[in-house]
Amino acid sequence: MPGMTEKPSAPSRIRDLPSWLLGRAAARGRGLVSAALAQHDMKMWHHVVLAAVADLGPVAQADLGRTVSLDPKDLVGVLNDLQAAGLVVRAPDPADRRKNAVSLTAGGEQRLEECTAAGKRANDELLALLSAAERTQFLEMLRRISGVR
């Protein structure tokens with residue numbers, strides 16, 4: 001049948017909804033970034049947590065979870081993976097020995113640099129159809145509507 005091999009268009013009642021379009025763009029972006037991070041034996045949440053620890057570390061585990069909006073039990077799994085790979089260490093927090101503080105290891109810093117570069121390349125691919133000025137404008141608009149600073 002003609003047209004059966006073509007990529008289907010979105011249903012007419014949703015194709016112009018910003019929320020639907022943002023969701024499709026986000027799914028494509030996540031796919032590109034996930035594939036790039038996988039080349040470094042990393043997953044998206046691992047990268048997010050490493051980046052947050054780099055910004056905040058040493059950081060109390062509970063504060064880290066709140067910062068990245070990750071459920072505490074899910075955070076423990078991510079931290080277990082990162083610690084097993086030698087990328088972070090958890091030690092008693094000097095400010096409150098009842099809490100764990102998370103820090104990057106030298107290996108964690110190196111992996112974060114690799115993943116940051118890989119993520120940037122994946123996002124460059126995602127936005128390849130936009131000019132530099134359009135990218136700047138698009139990112140500013142996304143920050144405004146998402147509430148991210």
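User: What makes the three strands an open sheet, and in which order do they come?

Analyst: The order is β1-β3-β2, with antiparallel pairing. Strands here are DSSP runs of E with at least two residues, helices are H or I runs of at least four, and both are numbered from the N terminus. Two strands pair if DSSP finds at least two bridges between them. Two bridges join β1 to β3, and six join β2 to β3 (residues 96–104), so both pairs meet that definition. β1 (59–60) and β2 (88–93) are the edge strands, each with a single partner, so one side of each has no neighbour in the sheet.

User: Before we go on, what sort of model is this?

Analyst: It's a predicted model: local features need pLDDT of at least 70 and side-chain atom pairs count only at pLDDT 80 or more, while totals for chains, interfaces and linings use all residues. Residues are numbered from 1 along each chain as its sequence is written, and side-chain values use heavy atoms, with hydrogens and water left out.

User: Which residues are bridge partners in the sheet?

Analyst: Ala 60 is paired with Ala 101 in β3. Asp 93 has Asp 96 as its partner in β3, and Arg 90 sits opposite Val 102 in that strand. The hairpin from β2 to β3 goes through two residues.

User: Why are α2 and α4 called roughly perpendicular?

Analyst: Helix α2 (residues 44–56) packs on helix α4 (residues 72–84) at about 85°, with the axes 10 Å apart. Axes are lines fitted to C-alpha atoms, for helices over the stretch in contact, and angles between N-to-C directions run from 0 to 180 degrees. Under 35 degrees is roughly parallel, over 145 roughly antiparallel, 65 to 115 roughly perpendicular, and the rest oblique. The pair is therefore roughly perpendicular.

User: Which residues make that contact, and how do they divide by type?

Analyst: From α2 come Trp 45, His 46, Val 49 and Leu 50; from α4 come Leu 75, Val 78, Leu 79, Asp 81 and Leu 82. Contact means heavy atoms within 4.5 Å. They split into seven nonpolar, one polar and one charged. In that scheme Ala, Val, Leu, Ile, Met, Phe, Trp, Tyr, Cys and Pro are nonpolar, Asp, Glu, Lys and Arg are charged, and the others, Gly among them, are polar. α2 also lies across β1, β2 and β3, at about 110° to β3.

User: Is His 46 buried or exposed, and how do you know?

Analyst: Buried means under 20% relative accessible area, exposed over 50%, partly exposed in between (1.4 Å probe, protein chains only). His 46 comes in at 10%, so it's buried.

User: What makes its link to Asp 81 a polar contact?

Analyst: The side chains of His 46 and Asp 81 come to 2.9 Å. A polar contact is a pair of N or O atoms within 3.5 Å; within protein, one must be able to donate a hydrogen and the other to accept it, and residues adjacent in sequence count only if both atoms are side-chain atoms.
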